[in-house]
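Reader: I would like to learn how to read a few features of this model. Please take them one at a time.

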Amino acid sequence: MEKKTECDVIQDTLAVPYELAYGPTWTRFFEGFQQEKILGSRCQGCGRVLVPARSYCPRCFVELNNFVEVSQEGTLMGWVLTDYRYYGMPTEPPFVSGFIKLDGTDCNFLHLIGGIDLTDPDEVRRKIKTGIKVRAVWNKDKRGQIMDIKYFTPVK
Amino acid sequence: MNKEFKTFKKVLELPHKYGAGPAFTAFYDGLREGKIMGTKCPECGKVLVPGRSMCPKCHVAIDKWVEIKQKGSIVSWAQTDQDFFGKPCEGTYTVALIRLDGAGCDFLHLVGGNLKKLKTGAKVQAVWNEEKKGHMLDIKYFELV
Amino acid sequence: MSKRVGIVEVAMLPGAETKDYFLDQVFRVTKEVIDKAGISREEIGTVVSASTDLFHSGQSCANAYYWDAGAALLKNGSRQDGESLFAFAYAAMRILSGKFDTALVLGVCKGSENPENDMLTHFYTDPFYQRPIGINETSVAALQKRQYLDRCKITQEQCAKVVAKNLGNALKNPYAHVKKRVSVDQVLGSAYAYDPLFEMECGPKSEGFIAMLLASEDKAKKLTKTPVWLKGYGSSMDSFYLGDRDLLEGQLPNAAKRAYAMAGIDKPLKEIDMMELCEPYAFQELLWYEDLGLCKRGEGGKLIDKGLTALEGKLPVNPSGGVLANNPYIPRGLYRLAECFLQIRGQAGEHQLDRPVKTALAHGTHGFAGQCHAVTIIGV
Amino acid sequence: MARPVGIVGSGQTHHGRRFDLAYPELVSEAVEACLKNTGVDPKDIDGVVYGSMPSMMEGVALTHFYFADALRSVGLPILKTETCGSTGISLAITAYYWIASGMADLLLVVGSEKMNEGDSQATMTSILEPFYQMYFISGAPGIFSLQSQSWAERFKIPADKVREAATRLSLDHHNDAFDNPYAHIKQRLTEEQINTARVITYPIRLWDVCPNSDGACAMIMASEKMAKKLTKKPAWVKGIGYAGDEYWFGDSDKVMWQTAIQASKQAYAMAGIKNPRKELDVAEVYNPFTYQEMLFYECFGFAEFGKACDLVLKGTFSRDGELPCDPSGGTLCTNPIGATGLIRVAEAAMQVQGQAGDHQIPGAKTSLAHAMGGVVQYNGVMILGSEK
């Protein structure tokens, strides 16, 4: 048989279904979302307020079973503008993901930054800067999931 | 924990392009021509089917291709009428390890047609689909002789 | 170099499927073993976990997800993919190297979140040859069983006896998933999963969360009055394509040979007091008896006929109920080892054997028809 | 004390887009090259350590089954180590402990990835759970962009200066890759081209980012006795460090990044290194992104915090600089993920063995290899030396 220089390629898409359990802590956290509340947990060991709420502190390794409502305003600690489509993207690009330190908390919360025109990258860079204050904007229709917060928008 | 918590259903969809490499490409080319192609290891002389680019025992490169007989005998078989993920056929599914005449290993494929006399050791021969696409299932199944 | 590695403590969750959150379960079992051993998270030297990416977890890099829940924060840790006895062995190696005093071994698999095992094991196949034929672990087990019945004259009744024995044992095991008494006739009357393999001969799909604390000889003696020592370990891998293998002459004898040599065991039937074997398909337990040197090839059926491996037999096998009663795919090897540990300690509870257990063997296997085996021997 | 462990040698595939081979054949290419380079008799091998990144990329679950024959592991004990992006270095670390424990004398260590067969962006996203983080981290470029911007902001480094330093790194590494016969991207670039290339995620541009490569790397590691029998000049494992932090990205500081700092400190302590910039002769830093590379220089103590740009621009890390970094072209030019960390170790070993060919750093005696993985979570460091 003659040796081919081009080899065959088989194309295929695997689709594998999973059903993930929320468990008590995520359930409570997203119940909070339905009342437009962001819930965190205070660690009795290190005193840090962690958000989203947790069932344990990774550093102190103690169980946490308290929920504290945290501020819906915070400081933007970092951000990234994404202008390409990918598997699992939250919304059509362009969009900005941000790293937000909600007031009174001790870690950064991840969400979208929006409420401004995102089509011109230079304009985005003028309006979105690390260190600015941002505030949560909620969707009217709440389904008990992370995108119930539409985005965080810069506070004038 | 008596309370039932909700669940999140997700389907992971993973697109893949698998490079078949020289050995499977050659094997598929054989299927396109209605042939079952194997290779003969220059060291141990074992005939392997499907053909390989390297002998899994001697680890020497192989490029000597040989056509394999399309008849053989059933070494083992398993059967179900139920549906299951990845089932390649309708109705009764019979998968078998078949020792093709002259081969040094078993060939995995389906057994079909009249299955009344199906048993270990039974003689079978390949039945081909009319249209051949360079795919394992160009051989429709092996039928009892 | 540490001379020996001891198992100090173990904690595990039952196999029944729950709607609990994955990370909560990892945290709970990890915290439990740490508390039982009376140490702090900081004192743990290293963490080696076992899990698998995507297919049995729905997530890539699954170990990144449970890293902190598994007490590994800022630790030099690692992960083994697929087989939890690998994680045990690797953790033991880390201690034997002299670089760590303690090691936490984790095995996690949330079966409740996954599709059926047969869908996932279908992806063990190569995309070119075996996948289009539609095989999965169960259909391949049926191919293996056919050869066992044909070549070794094992009977269907003998295979069904394994189910009756193991599920009977599981009735008293609080960690077992399947709890029902079944008779040989019920097994033989169940539908075929794939002819000649009965549905009731197949293990379930279970959850598994297990944490085990290991320590160097000196440290283990400080942490517990009753450490259980690692005596021997061996593993071995087989060829990939089914047609290239003899499904009855696999690699378990090789893995066992290595473990026996390390443990100094010549006559396993005499020198080992109990075994926990990984038998996702009932007939495999009989085949494994032979591979482990308990009897000659083809005589596995006689062993079960004689009741030799029953709870009250000479060498009880799977007093926990085995994988037929609880099948958390990845950690199932570690569950076997945990049962051995508890039996040696006399802490197995209601299903504690009625005589002292000094040496025990735990076995893990994964892959089609036992492509890979791992054997661990522990003792006082 | 642990038994000394040495690296005898290694073999790599020609990395790139390899649709000319099926995946097991690609693995085999590296294994056979390694056996040829080292002259090891396969019968002497006690066991195999294998790993890739996630199974998702391959579309085959538990690939150690699939590659059993190519890995020459049939009949042998095997360990399957996987720690995401850091898999490669974790493989070498696994072999180290296996040999140091006394349970093996000679191991074959193999890492591989076929990045072009799967959807690497989708794979990256599937690392994240769908409750919270998955939506906001747009694959590797997104997360690394976030990290680098936070770094520049923290130390008030002007954007122009960061750009200039990143361009210098990109230019150097792409030039270096021409001296590495196995490198994937071989492209002569100009500063202009790098500075004006397409933005991936601001401020990261095309030539700041690694490619998707298909490739494999195999390495032989051995006990002291065995290593000395097999080669006159083994590379000895002098130090090991590894650490991981929280899964939730917002929980820990990724600028003065504790896992990178701690992993390097552990490795330095074991190797007795006090001043890494002076005592190391060459480093193979895992650098899929130019910006992030500078952050590593600082965490590893090659530069003070906030000062990496200055040293890059001074040429400290260039081929003829004080501490040459990634003379192989690094991850920036070649990234078959599961193999990448092992390639870093193999390259670092070749340097102290004097076998790095055209990209040899003359007289190198002590080297560092590094890999990173997880949701910007893991760092592993290995120090190698020509003296035991």
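Reader: In which helix is the place of B:F27?

Author: First, the ground rules. This is a predicted model, where local features need pLDDT of at least 70 and side-chain atom pairs count only at pLDDT 80 or more, while totals for chains, interfaces and linings use all residues. Residues are numbered from 1 along each chain as its sequence is written, chains are lettered from A and ligands numbered from 1 in the order in which they are written, and side-chain values use heavy atoms, with hydrogens and water left out. Helices (H or I, at least four residues) and strands (E, at least two) are DSSP runs, numbered from the N terminus. B:F27 sits in helix α1 (residues 21-32) of chain B.

Reader: Is B:F27 buried or exposed?

Author: Buried means under 20% relative accessible area, exposed over 50%, and partly exposed in between (1.4 Å probe, protein chains only). B:F27 has a relative accessible area of 0%, so it is buried.

Reader: Which residues does B:F27 touch?

Author: Contact means heavy atoms within 4.5 Å. Leaving out residues up to four places away in sequence, B:F27 touches B:I36, B:M37, B:V49, B:P50, B:G51, B:W65, B:F107 and B:M136. As for B:K40, its C-alpha lies 13 Å from that of B:F27, and the two are 13 residues apart in sequence.

Reader: How is a pair of packed helices described?

Author: Two numbers do it: the angle between the axes and the distance between them. Axes are lines fitted to C-alpha atoms, for helices over the stretch in contact, and angles run from 0 to 180 degrees between N-to-C directions. In chain D, helix α4 (residues 87-100) packs on helix α15 (residues 337-353) at about 55°, with the axes 5 Å apart. Angles under 35 degrees count as roughly parallel, over 145 as roughly antiparallel, 65 to 115 as roughly perpendicular and the rest as oblique. α4(D) and α15(D) are therefore oblique to each other.

Reader: Which residues make that contact between α4(D) and α15(D)?

Author: α4(D) brings D:T87, D:G88, D:I89, D:L91 and D:A92, and α15(D) brings D:G338, D:G341, D:L342 and D:V345.

Reader: In what order do the nine strands of the open sheet in chain D run?

Author: Two strands pair if DSSP finds at least two bridges between them. The order in chain D is β3-β2-β4-β7-β1-β8-β11-β10-β9, with mixed pairing. β3 (78-80) and β9 (282-284) of chain D stand at the edges with a single partner strand each, so one side of each has no neighbour in the sheet. Direction ignored, neighbouring strands are turned by 25° against each other on average.

Reader: How many bridges join β4 of chain D to β7(D)?

Author: Nine, and β4 (residues 106-114) runs antiparallel to β7(D). D:V109 has D:M219 as its bridge partner there. Strand β1 (residues 5-12) of chain D is joined to β7(D) by seven bridges, also antiparallel. D:G9 stands opposite D:I220. Ten of the ten residues of β7 (residues 214-223) of chain D are buried, so the strand is largely enclosed by the rest of the structure.

Reader: What is the area buried between chain D and chain C?

Author: Buried area is the accessible area (1.4 Å probe) that two parts lose on being put together, summed over both. For chains D and C the value is about 4900 Å², and carbon and sulfur atoms give 62% of it.
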